[in-house]
Amino acid sequence: GRLEAVTQQMGYHPQYLDSFLKMQHYLMHMDGPLPFDCRHYIAIMAAARHQCRYLVNLHVLQFLRAGGDPQWLRGLEFIPPKLRNLNEINKILAHRPWLITKEHIEKLLKISEWSWSLAELVHAVVLLAHCHALASFVFGCGCEQDEGLGGRGSLKPLSLGNQCFCEATPGNSCSQELLRINRKRSLDSCMELDSLRERMQRIHVEAEGREEMRLLQQDREEGEGQGVEVGVQGGTEHHPDPSVGLSPLADPDGEVTGATNLACYTQDPDFGYQDFARRDEDQTQVFRVQDYSWEDHGFSLVNRLYSDIGHLLDEKFRMVDGLQSSAMAKRQGCEPSVFKRGIWNYIHCMFGIRYDDYDYAEVNQLLERMLKVYIKTVTCYPEKTNSEMFDRFWKQFKHSEKVHVNLLILEARMQAELLYALQAITQYMI
């Protein structure tokens with residue numbers, strides 16, 4: 001009867017969890033432009049870009065339950081060309097979303113046997129951005145960890161097939177058949193929400209007690225970890241590889257769990273994140289929120305082409321912004337809103353998104369170097385995140401506060417990808 005791992009972690013912030021589950025359920029299981037099996041296969045393609053076996057396995061199971069063709073699971077060479085054509089935009093959104101153009105959109109929408117409709121493409125883009133960002137959360141909170149390696153706060157994933165995300169709250173079942181299959185295997189699919197929250201709180205109190213004891217013991221046995229400075233210098237972001245000077249914390253050359261098994265779902269695996277504006281290259285065109293924002297442009301477009309998803313996304317963005325973070329802000333000596341905005345804008349800056357009304361010098365003042373290294377790794381190449389990185393950043397902070405940071409990473413990253421994709425769609429439509 002344990003909770004599914006992502007739900008456990010998000011359960012530290014129950015109001016956000018409610019909002020997340022509603023959006024997740026609508027995106028994957030309610031009426032929409034895309035067939036149900038295609039939705040899960042797109043999720044597999046998105047998660048595979050970050051070698052996230054946890055999400056791939058979850059959606060493989062749901063793909064088969066939705067009646068998907070098992071042959072598709074042999075790899076991209078065995079899926080319809082229409083789906084395979086999505087690979088390019090998947091790759092770009094996952095690693096360098098600023099490269100997407102209206103030409104990429106036009107190529108998918110052009111008149112042919114395998115063309116996409118605008119509504120289908122918007123649905124697919126939201127799916128891709130959602131799963132890329134969720135992969136960051138999965139790695140950032142340790143849901144990818146095997147049980148033998150130990151998950152964050154002793155919260156570990158269920159065995160495969162026990163439940164999907166939407167079964168964690170009443171009324172969010174995938175289907176009557178799935179409820180029948182899972183009823184005997186998971187108490188959570190039929191729990192009342194109040195009971196679910198009470199159980200989460202008890203688990204979390206126990207988990208945080210264990211974590212604090214473990215970290216105290218670790219502090220006695222080990223010296224402070226090494227760190228690198230990731231700062232804003234001369235108005236231009238500089239982001240060195242997070243492994244530099246972090247040998248005790250990161251092993252980017254180490255084996256990534258399940259990476260070889262996921263190769264069939266990716267093409268051009270060497271394509272990855274690069275710093276948006278390298279010092280030795282010409283300045284890439286900056287995306288200015290004043291010119292194209294979620295509130296003024298993205299929301300209306302996505303809601304018009306994929307009914308109601310805009311409202312659910314907007315609720316989720318607002319919910320993470322409204323989460324209480326007074327403890328984190330107090331430790332940094334600033335207001336909660338100032339602290340959260342520093343994290344949000346730092347993440348967007350790594351993707352080339354700038355706010356004209358923000359002083360980026362504040363980033364160095366608000367975010368200590370280990371936190372910045374952690375944020376960049378989880379945001380840009382989450383597959384390189386390991387348990388020691390999570391444990392070492394802000395060692396004095398509670399697990400729930402670290403989960404809060406990962407929720408900010410999830411939402412800021414998802415919004416960044418959506419802004420680039422929706423702007424390209426808008427330019428195509430003009």
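These notebook entries record what I looked up in a predicted model.

**Entry 1. Nonpolar core**

I began with the largest nonpolar core and found that it has 120 residues. The residues with the most contacts inside this core are Met10, Tyr41, Leu86, Ile375 and Leu418. I then listed the partners of Leu86, leaving out residues up to four places away in sequence. Leu86 touches Ile42, Met45, Leu108, Trp116, Leu121, Ala124 and Leu128.

**Entry 2. Aromatic pairs**

I counted 14 aromatic pairs in the structure. For Tyr41 and Trp72, the ring centres are 5.7 Å apart and the planes stand at 85°, so I recorded the pair as edge-to-face. This pair links distant parts of the chain, its members being 31 residues apart. Tyr41 belongs to helix α3 (residues 36-49), whereas Trp72 is in the loop between α4 (53-65) and α5 (81-84). I noted both Tyr41 and Trp72 as buried.

I next examined Trp294 and Phe299, whose ring centres are 6.1 Å apart with planes at 80°; this pair is therefore edge-to-face. Trp294 has 2% relative accessibility and so counts as buried.

I also found that Tyr41 and Trp72 belong to one aromatic cluster together with Phe63 and Tyr265.

**Entry 3. Charges over rings**

I looked up two residues placed over aromatic rings. The charged end of Lys82 sits over the ring of Trp116, at 5.2 Å from its centre. Trp116 is also one of the residues that Leu86 touches. Arg354 lies over the face of Tyr360, and its distance from the ring centre is 4.3 Å.

**Entry 4. Cysteines**

How many disulfides does the structure hold? I found 0 disulfides. Cys52 is in no disulfide, and the nearest cysteine sulfur, which belongs to Cys143, is 8.6 Å away. A disulfide would need the two sulfur atoms within 2.5 Å. I recorded Cys52 as buried because its relative accessibility is 0%. Cys380 also counts as buried, because its relative accessibility is 2%.

**Entry 5. Helix α14**

I turned to helix α14, which covers residues 336-350 and has 15 residues. From first C-alpha to last, α14 reaches 22 Å, close to the 21 Å expected at 1.5 Å a residue. Is α14 largely enclosed or exposed, and why? I found 11 of its 15 residues buried, so α14 is largely enclosed by the rest of the structure. The buried residues include Phe339, Lys340, Trp344, Tyr346, His348 and Cys349. After α14 comes Gly352, for which I noted a positive phi, near 80°.

Methods: Residues are numbered from 1 along each chain as its sequence is written. This is a predicted model: local features need pLDDT of at least 70, side-chain atom pairs count only at pLDDT 80 or more; totals for chains, interfaces and linings use all residues. Side-chain values use heavy atoms; hydrogens and water are left out. A nonpolar core is a set of buried Ala, Val, Leu, Ile, Met, Phe, Trp, Tyr and Cys residues joined through side-chain atoms within 4.5 Å. Buried means under 20% relative accessible area, exposed over 50%, partly exposed in between (1.4 Å probe, protein chains only). Contact means heavy atoms within 4.5 Å. Helices (H or I, at least four residues) and strands (E, at least two) are DSSP runs, numbered from the N terminus. The expected span of a helix is 1.5 Å times one less than its number of residues. Rings of Phe, Tyr and Trp (its six-membered ring) pair if their centres lie within 6.5 Å; planes under 30 degrees apart count as stacked, over 60 as edge-to-face and the rest as tilted. A charge sits over a ring if NZ of Lys or CZ of Arg is within 6 Å of the ring centre and within 35 degrees of the ring normal.
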